[in-house]
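Here is a set of questions and answers in which each label is set against its definition. Please keep the sequence and the structure in view while reading.

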Amino acid sequence: NFDKDEASKSLDNMNASAQYLSQTIDDFRNFYKTDKEKNYISTKSLIDKNVNLIQSSLKASGIELIIDNKCENKELFTYQNELIQAIVNILNNSKDALILNNKENNRFIFLNVYEIEKYVIVCVKDNAGGISEDIIDKIFEPYFTTKHKSNGTGIGLYMTHQIIENHINGKIVVENSHFTWNDKVFEGAKFSIYLPTF
């Protein structure tokens with residue numbers, strides 16, 4: 001059954017993804033330039049842009065994205081395209097981990113945003129079982145990947161680390177986390193991005 005509104009929305013998402021890929025090429029080109037311009041973006045707009053880019057892919061993989069943004073009106077002065085790229089990389093990493101490790105129907109990614117002192121924290125966690133303690137300290141290294149060589153380059157999380165810590169002057173922390181959702185206990189990776197608000 002053809003649903004005109006649904007088709008229109010899907011086409012809009014496809015166009016947004018194509019524009020994002022085009023922008024990503026430019027971002028790669030500009031990655032090491034020092035004359036980039038910062039601009040203001042609200043955390044609501046930041047999260048909305050990420051959701052628009054990845055929501056269709058998550059739905060197709062049977063993954064539910066649960067968002068809790070406690071500071072929607074907070075403005076960040078930052079390199080917004082690079083920051084979007086960094087968060088999308090982490091969301092895609094969680095998606096791949098869930099597809100590989102969670103064969104159940106209840107696949108979740110939690111995207112939480114809150115403020116502590118002079119930082120806005122963007123936290124991404126999943127219920128894919130977590131990262132082996134043997135490798136958790138290596139995942140931000142260049143060319144390190146747990147995926148098959150045809151599916152992973154080891155560049156995504158390395159670039160994310162570079163963007164957050166070297167370009168935006170923030171901090172990114174990864175750990176394994178146990179948490180409860182709908183009275184069930186889950187285990188998965190938890191990425192916390194600390195974004196300066198000063």
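Q: In which strand is Asn39 found?
A: Asn39 is found in strand β1, residues 39-42, where helices (H or I, at least four residues) and strands (E, at least two) are DSSP runs, numbered from the N terminus. This is a predicted model, in which local features need pLDDT of at least 70 and side-chain atom pairs count only at pLDDT 80 or more, while totals for chains, interfaces and linings use all residues. Residues are numbered from 1 along each chain as its sequence is written, and side-chain values use heavy atoms, with hydrogens and water left out.

Q: Why is Asn39 called partly exposed?
A: Buried means under 20% relative accessible area, exposed means over 50%, and partly exposed is in between (1.4 Å probe, protein chains only). Asn39 has a relative accessibility of 31%, so it counts as partly exposed.

Q: What makes the pair Asn39 and Gln80 a polar contact?
A: A polar contact is a pair of N or O atoms within 3.5 Å; within protein, one must be able to donate a hydrogen and the other to accept it, and residues adjacent in sequence count only if both atoms are side-chain atoms. The side chains of Asn39 and Gln80 make such a contact at 3.0 Å. Asn39 also touches Leu76, Phe77 and Thr78 among residues beyond four places away in sequence, where contact means heavy atoms within 4.5 Å. The C-alpha atoms of Asn39 and Thr78 are 5.6 Å apart in space, although the two residues are 39 apart in sequence.

Q: How many helices and strands does the protein chain have, and in what order do the elements run?
A: The secondary structure comes to four helices and seven strands, and from the N terminus on the elements run α-β-α-β-β-α-β-β-α-β-β. Of the 198 residues of the protein chain, 42% count as buried.

Q: At what angle do the axes of α3 and α4 cross, and what is the handedness of the crossing?
A: The axes of helix α3 (residues 80-101) and helix α4 (residues 156-167) come within 9 Å and cross at roughly 145°. Here axes are lines fitted to C-alpha atoms, for helices over the stretch in contact, and angles run from 0 to 180 degrees between N-to-C directions. The crossing of α3 and α4 is left-handed, and a crossing has that name if the near helix is turned anticlockwise from the far one by less than a right angle, whereas clockwise makes it right-handed.

Q: Which helix passes α3 in a right-handed crossing?
A: The crossing of α2 and α3 is right-handed. Helix α2 (residues 43-60) packs with α3 at an angle of about 35°, and their axes are 10 Å apart.

Q: Why do Ala86 and Thr160 count as buried?
A: Ala86, which lies in helix α3, counts as buried because its relative accessibility is 0%. Thr160, whose place is in helix α4, is buried as well, because its relative accessible area is 0%. Ala86 touches Thr160, Ile163 and Ile164, not counting residues up to four places away in sequence. A polar atom of the Thr160 side chain lies 3.0 Å from the backbone oxygen of Gly156.

Q: Why are Asn169 and Asp183 called exposed?
A: Asn169 counts as exposed because its relative accessibility is 51%. Asp183 is exposed because its relative accessible area is 77%. Asp183 lies in the loop between β6 and β7 (184-196), and its phi is near 65°, a positive value in a residue other than glycine.
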